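Subject: Handing over the structure

Hello,

Here is the structure I promised to pass on to you. Please open it alongside this email, and I will walk you through what turned up.

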Amino acid sequence: MTPTQQGSFHLFRLAGIEVYLHWSWFLVAAYSISERAASYSSWFWNLAEYLALFGIVLMHEFGHALACRQVGGRADLIVLWPLGGVAYVAPPHRPGATLWSIAAGPLVNLVLVPVLGVAWLWIRAMGPGGALGNAHNLLQALCVINLVLLIFNLLPIYPLDGGQILRAILWFFLGPARSLMVSSLAGFIGVAGLMLFALWLGSVWIVILAVFILLNCWRGLMHARLMARMEALAAGDSGEGAGSSRRSW
């Protein structure tokens with residue numbers, strides 16, 4: 001359900017983190033670049049926009065990975081694919097560590113909001129025309145893209161960052177299994193809304209994304225049920241052990 005190293009090209013290694021690019025990225029890139037042909041005077045700028053988009057995604061994923069390492073977790077793989085990127089992180093089994101590992105990704109986009117905004121205003125002040133006109137359009141597009149990614153990722157729909165942040169917060173009060181169950185069920189509601197939005201826009205990509213989220217919500221729910229059963233078994237064994245101890249006294 002998520003991209004892996006299989007069928008992916010190794011790009012580089014940075015700070016001990018391997019970065020891969022899935023083969024399907026090239027197919028979607030060709031389609032997306034051609035769709036935006038009218039936005040610039042040259043295909044070069046369309047390519048620059050698409051590469052910059054995934055540059056933003058990559059910084060977002062590095063935010064997750066580096067934050068996970070900061071709290072003592074393991075993070076050594078990032079895979080980029082047409083739906084964005086996936087940072088394979090394994091933070092310590094604590095709600096606070098999980099919350100920071102997830103929240104650090106959107107924080108990167110939040111920092112980029114004023115950075116891209118200032119760059120766009122600077123280019124705009126220099127006046128339109130020629131390459132500057134293309135640069136102005138590029139930065140304007142990146143401002144919008146970054147803001148959309150930030151807002152979309154913060155939607156409380158599991159497994160988006162917002163849904164995982166919700167799960168980490170609930171973990172403080174409900175425990176790991178019940179928090180995952182609640183956030184997964186909330187994700188189903190979010191998927192329904194996303195499907196309606198996709199139909200309203202007539203967007204095939206949002207439908208594909210909604211299906212991907214739906215499958216991950218289902219996987220999260222199944223994992224939550226398994227965790228709940230394991231917790232119940234552990235509690236039962238603990239109770240039997242305590243009863244034996246009382247009888248031995």
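Let me begin with a term: two strands pair if DSSP finds at least two bridges between them. Helices and strands are themselves DSSP runs, numbered from the N terminus, with at least four residues of H or I for a helix and at least two of E for a strand.

A word on the origin of the values. This is a predicted model, in which local features need pLDDT of at least 70 and side-chain atom pairs count only at pLDDT 80 or more, while totals for chains, interfaces and linings use all residues. Residues are numbered from 1 along each chain as its sequence is written, and side-chain values use heavy atoms, with hydrogens and water left out.

**Overall picture**

The chain has 7 helices and 4 strands, in the order β-β-α-α-β-β-α-α-α-α-α along the sequence. Its C-alpha trace spans about 90 × 40 × 35 Å along the principal axes. Of the 249 residues, 43% are buried; buried means under 20% relative accessible area, exposed means over 50%, and partly exposed lies in between (1.4 Å probe, protein chains only).

**The strands**

β1 (8-14) and β2 (residues 17-22) pair in the antiparallel sense over 6 bridges. Serine 8 has histidine 22 in β2 as its bridge partner. These two strands form a hairpin with 2 residues between them, and there alanine 15 takes a positive phi near 55°. Alanine 15 is not a glycine, and most residues other than glycine have a negative phi. With a relative accessible area of 46%, alanine 15 is partly exposed.

A search of the whole structure finds 1. The side chains of arginine 13 and glutamate 18 meet in a salt bridge, at 2.4 Å from N to O. Arginine 13 is exposed at 54% relative accessible area, whereas glutamate 18 counts as buried at 19%.

On to β3 (residues 74-81): 6 of its 8 residues are buried, so this strand is largely enclosed by the rest of the structure. β2 and β3 pair in the parallel sense over 4 bridges, with tyrosine 20 opposite valine 79 in β3. β3 is also joined to β4 (residues 84-90) by 7 bridges, and those two strands run antiparallel. Here leucine 77 has tyrosine 88 in β4 as its bridge partner. β3 and β4 form a hairpin with 2 residues between them.

**The helices**

How far apart are the end C-alpha atoms of α3? They are 46 Å apart, which agrees with the 45 Å that its 31 residues should span at 1.5 Å a residue; the expected span is 1.5 Å times one less than the number of residues. α3 has a kink of about 30° at alanine 104, shortly before proline 106. The bend at a residue is the angle between axes fitted to the seven residues ending there and the seven starting there.

α3 (95-125) and α4 (130-153) each supply at least two residues of a nonpolar patch. The patch is on the surface and consists of Trp100, Leu107, Leu110, Val113, Leu147 and Ile151, with about 510 Å² of accessible area together. Patches are made of residues with over 30% relative accessible area and no salt bridge; like charges are joined within 9 Å, and nonpolar side chains (Val, Leu, Ile, Met, Phe, Trp, Tyr) within 5 Å. The areas come from the Shrake-Rupley method with a 1.4 Å probe, and for residues only the protein chains shown count as cover. α3 gives the most to the patch, with 4 residues. Isoleucine 151 belongs to α4 and counts as exposed at 52% relative accessibility.

In the loop between α4 and α5 you will find proline 159. A cis peptide bond joins tyrosine 158 to proline 159, with omega about 10°. For comparison, most peptide bonds are trans.

Buried residues in α5 include Asp161, Arg167 and Trp171. Just after α5, glycine 175 takes a positive phi of about 90°.

Enjoy exploring!

Best wishes

Technical notes
Salt bridge = Lys/Arg side-chain N within 4 Å of Asp/Glu carboxyl O.
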